[in-house]
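I opened this notebook page to record what I looked up in the structure. The entries follow the order in which I went through it.

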There are 2 protein chains.
Amino acid sequence: MNQVICTVDVVLLTLKENALQVALLKRDREPFQGSLALPGGYIHADEDADARDAALRVLRDKTGIETPYLEQLATFSGMGRDPRGWSVSVVFYALVSIDVIGKSCHPGVMLSDVDRKQKLPFDHRAVIDTAVARLRSKSQYSSLPCHLLGENFTLPQLQRVYEALMGEALNKVSFRRKIAEMDVLESLEGQFVEGAHRPAQLYRLKQEWRDQPMLLERGL
Amino acid sequence: MNQVICTVDVVLLTLKENALQVALLKRDREPFQGSLALPGGYIHADEDADARDAALRVLRDKTGIETPYLEQLATFSGMGRDPRGWSVSVVFYALVSIDVIGKSCHPGVMLSDVDRKQKLPFDHRAVIDTAVARLRSKSQYSSLPCHLLGENFTLPQLQRVYEALMGEALNKVSFRRKIAEMDVLESLEGQFVEGAHRPAQLYRLKQEWRDQPMLLERGL
């Protein structure tokens, strides 16, 4: 039978000072021992229910992060990508706020600006670029960017996250209309934070949208 | 090490009398011998360059179809989907015209209307439903539907394909503006077919769009 190495890798993304960052770990074994790479590992057929379950386990064990939002990106495969042999990696991407990184992440986890295009082992550079392209393109018609914010946030904060991902300034009125159309947020009654001009209402994702994004047919 | 079965499956879709059809094959071995299922097979680490290459080989060997357009859909995995054990299937979908099916397909290939929701072994029902949802949602902002037509076609024929996929009538003027905006077609000089009112110009996909779809930021 075929000898194929089956792994999962996770592209864990966060936003720090409006720059998209990816979590990398120093590899503790060969191949590429000592190099920074994506958190990943073998599928454990005896304990993982499916590849998603394997990705959640790897992320939890290697970075300390338990994320409600994780989505399959694509599968990368072939004879050339891993020196150990023909391999398949089912890749997932996850989004978390920088607060969650600060609070829960293992100390060995490094953040790297995705636009720095750091050289990485395996095909991890291409994997990250694919994840970032998917996130940026999906942002314009989904609630995905909300997962980069903490539990509570204001609409101006949310708009800045969308703008950072889409790389363009958005019109405030049409942005707010789109967000209202998605109907994924609930306001926190009586809770405001100081804004540039006046106090800004705090919002959070409604319970049913915390582990899946809302998709719109028409984008921002 | 983990014992994981690595396979590829292909959802080969075509449009017959405006109904989307999927190609199924009678399985010639266990499990589910004799049942109709998607064309699929093991990855051959000794001959396939990657999973896409494996899918092209499986499609060619099992159905006779060589397609220029094949795209990764998603990977389906877990302990429950295949009675032989924990398995990973990297699934691809391909689009061909009904003429190609008629000309090149092996005689054992059966077409099944995707909306008939035929019960199938493994998780092939869910796989097909995922492929159809992807195609329908991607159709509205891409040139993907062109791959369901033969080499040459008229704009009214193309509009009917988009309408069949999107399940709604489209405005002719805005449809043609979107198609022009994509800039994926070239007219066949002096070649017309009889239309309902007057002869209709024949078009074909430009060379560079035959093995990849054009994606628009804003949909139809």
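I began with strand pairing, and I count two strands as paired if DSSP finds at least two bridges between them. The strands (E, at least two residues) and the helices (H or I, at least four residues) are DSSP runs that I number from the N terminus.

Note on the model. This is a predicted model, in which local features need pLDDT of at least 70 and side-chain atom pairs count only at pLDDT 80 or more, while totals for chains, interfaces and linings use all residues. Residues are numbered from 1 along each chain as its sequence is written, and chains are lettered from A and ligands numbered from 1 in the order in which they are written.

Entry on strand E2 of chain B. I looked up the pairing of E2(B), residues 19-26, with E1(B), residues 5-16, and found an antiparallel arrangement over four bridges, in which Thr14(B) has Gln21(B) as its bridge partner. Two residues lie between the strands of this hairpin, and Glu17(B) takes a positive phi near 50° there. I then found that E2(B) also runs antiparallel to strand E7(B), residues 110-113, with four bridges joining them, and that Ala23(B) stands opposite Leu111(B) in E7(B). With strand E3(B), residues 36-37, E2(B) pairs in the antiparallel sense over two bridges, and there Leu25(B) has Ala37(B) as its bridge partner.

Entry on the domains of chain A. I noted domain 1 as 5-138 and domain 2 as 141-209, with bounds that come from an automatic or database domain assignment. Their centres, taken over C-alpha atoms, are separated by 27 Å. The contact takes ten residues from domain 1 and eleven from domain 2, where two residues are in contact if their C-beta atoms, placed from the backbone, lie within 7 Å. On the domain 1 side, strand E1(A) (5-16) and helix H3(A) (124-139) are the elements that give two or more residues, and the largest share, three residues, comes from H3(A). I sorted the residues of that side into four nonpolar, three polar and three charged, counting Ala, Val, Leu, Ile, Met, Phe, Trp, Tyr, Cys and Pro as nonpolar, Asp, Glu, Lys and Arg as charged, and the others, Gly among them, as polar.

Entry on the two chains. How many residues of chain A are in contact with chain B? I found 23 residues of chain A in contact with 23 residues of chain B. On the chain A side, strands E5(A) (70-78) and E6(A) (87-95) give two or more residues, and E5(A) supplies the largest share, five residues. The residues of this side divide into twelve nonpolar, eight polar and three charged.
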